[in-house]
Amino acid sequence: MSNKITPENLFNNIVETLAERQKSVSFFEEEKSDSVATQFNKLFGRQKPVHHILGGGKSADCLLWRNKKISSSVLTAATIVWVLFEWLNYNFLTLLCFALVLGMLVQFLWTNASGLLSSDRKPYKAPYFVVPEDFFVNIATMVGAEVNRGLRFLQDIARGGNLKQFLIAVVSLLAGAVIGGWCNFFTVMYIGFVAAHTLPVLYEKYEDEVDNFVYKVLDQIQHNYRKVDAGLLGKIHKGKFNGRKYE
């Protein structure tokens, strides 16, 4: 039996076609809105990847654990130095003297043992360890550049008028002040070093979750600030206006 085209069948076909098109359009619109929302909710409105923000190159690779051997070696060395200074209560002068004694002992044994072990009984002098002249100059230049960049960053936030960035910077500095009251400067530096080698890689892994959480917190802070501004600060301005009015 052949299917006859009736007005009822034609109407049903039109309804089904329109429904399928509406579903496909809503799906693409939802996907587009999600991608736009994800792009908008990037922390600080950034558009570049974390690796590029950290400066790129080997330093960013080390902070993001691109080479696990180098990153783990750097973090282990920093931990050993911190343990020597904080847990074992060594000071810089003690470690320096121990290192010099160890270096002299190695050179002494090298020079005398080489004469006994060589076939011609002629001692081989140990090579000199020389620090390049521009080593400390490069360190001072690098430290000065980083300090100036940090100061410029904080001043740009203070002068930019962005409330979210300003509150994040202030809370971070206050947290640093509280942590500094609990421990000494060297421990604070070690905590910052460990944070620099752990937080960026964790943020890169859980980027969307962190961005959404931070923006929710900032929105709540901004909402509370508007309440305070509309309530307490509004009464203060009103009192000043009334005082001027009745003078």
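Predicted model: local features only at pLDDT ≥ 70, side-chain atom pairs only at ≥ 80, totals over all residues.
Residues are numbered from 1 along each chain as its sequence is written, and side-chain values use heavy atoms, with hydrogens and water left out.

In residues 74-106, the end C-alpha atoms lie 25 Å apart and the span is 88% helix and 0% strand, whereas in residues 166-193 the corresponding separation is 23 Å, with 93% helix and 0% strand. Helices (H or I, at least four residues) and strands (E, at least two) are DSSP runs, numbered from the N terminus.

Helix α4 comprises the 20 residues 68-87, which at 1.5 Å a residue should span 28 Å, in agreement with the 27 Å between its end C-alpha atoms; the expected span is 1.5 Å times one less than the number of residues. Within α4, S71, L75, A78 and W82 are buried (under 20% relative accessible area, 1.4 Å probe, protein chains only). These residues cover an arc of only 60° around the axis, which puts them on the same side of α4. The buried residues of α4 pack against α3 (57-63) and α8 (185-196), with contact taken as heavy atoms within 4.5 Å. Just after α4, N89 takes a positive phi of about 60°.

Terms used: Buried < 20%, exposed > 50% of the residue type's maximum accessible area, 1.4 Å probe, protein only. Arc of directions from axis to C-beta.
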